[in-house]
Amino acid sequence: MTDVPPEARDDAAQVLHCALAGDSDAVVGTFDAVVDRSGVAGAYDVAWCLAAAMVGDGVPSGTWTLDFPGIDDARYDARWVARFISAYANCDIPTGEALFGAALADGQLPDCLLTLAGSAVATLRRRAA
């Protein structure tokens, strides 16, 4: 994972805590507080930390491909999350930043971040089972 400020990791932990509790309003509130404090760049850092939580440690470096049958027919937020996670797994920061900017410009960023938080929780629960 790229260097992110320690508060981004703390904020990501708070997002995961809220998402695990099923409190989507608190997830949104946490992201709003991050944006108020650190701007959109802070929200990007938190999203990158959530992607790190999903991918996990010890992933060999290399080129990873996205295996998501029917991705072109998925909702915007689901496509975005799949592609953002793929960017993280490939250490492709420019693509991650481009995806983030596109979602912001399209007015879809809040839904994408909420879906990312839900996907991270689902992944962590699956891993724990």
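Tutor: Buried means under 20% relative accessible area, exposed means over 50%, and partly exposed lies in between (1.4 Å probe, protein chains only). The model is predicted, so local features need pLDDT of at least 70 and side-chain atom pairs count only at pLDDT 80 or more, while totals for chains, interfaces and linings use all residues. Residues are numbered from 1 along each chain as its sequence is written, and side-chain values use heavy atoms, with hydrogens and water left out.

Student: Is Asp11 buried or exposed?

Tutor: Asp11 lies in helix 1, where helices (H or I, at least four residues) and strands (E, at least two) are DSSP runs numbered from the N terminus. Because its relative accessibility is 12%, Asp11 counts as buried.

Student: With which residue does Asp11 form a salt bridge?

Tutor: A salt bridge is a side-chain nitrogen of Lys or Arg within 4 Å of a carboxyl oxygen of Asp or Glu. The partner of Asp11 lies in helix 2, so the pair ties together parts that are 26 residues apart in sequence. With the closest N and O atoms 2.2 Å apart, the salt bridge of Asp11 is with Arg37.

Student: How many salt bridges does the count come to?

Tutor: Arg83 is partly exposed at 31%, whereas Asp72 is exposed at 59%. Asp77 pairs with Arg75 at 2.9 Å between the closest N and O atoms; here Asp77 is buried at 9% and Arg75 is exposed at 56%. The count of salt bridges comes to three.

Student: Which residues does Thr30 touch, not counting those up to four places away in sequence?

Tutor: Thr30 is in helix 2, residues 24–55, and counts as buried because its relative accessibility is 11%. Contact means heavy atoms within 4.5 Å. By that rule, Thr30 touches Asp11, Gln14, Val15 and Cys18.

Student: What is the centre to centre distance of the aromatic pair of Trp80 and Phe84?

Tutor: Rings of Phe, Tyr and Trp (its six-membered ring) pair if their centres lie within 6.5 Å; planes under 30 degrees apart count as stacked, over 60 as edge-to-face and the rest as tilted. Seven aromatic pairs are found in the whole structure. Trp80 and Phe84 both lie in helix 3, four residues apart, about one turn of the helix, and they are buried at 3% and 0% respectively. Their pair is stacked, with 10 degrees between the planes and a centre to centre distance of 4.7 Å.

Student: What is the angle between the planes of Trp80 and Phe100?

Tutor: Trp80 lies in helix 3 and Phe100 in helix 4, so this pair ties together parts that are 20 residues apart in sequence. Phe100 is buried at 4% relative accessible area. The pair is tilted, 6.3 Å centre to centre, and the angle between the planes is 50 degrees.

Student: What is the phi of Cys91?

Tutor: Most residues other than glycine have a negative phi. Cys91 lies in the loop between helix 3 and helix 4 and counts as exposed because its relative accessibility is 62%. Although Cys91 is not a glycine, its phi is positive, at about 55 degrees.
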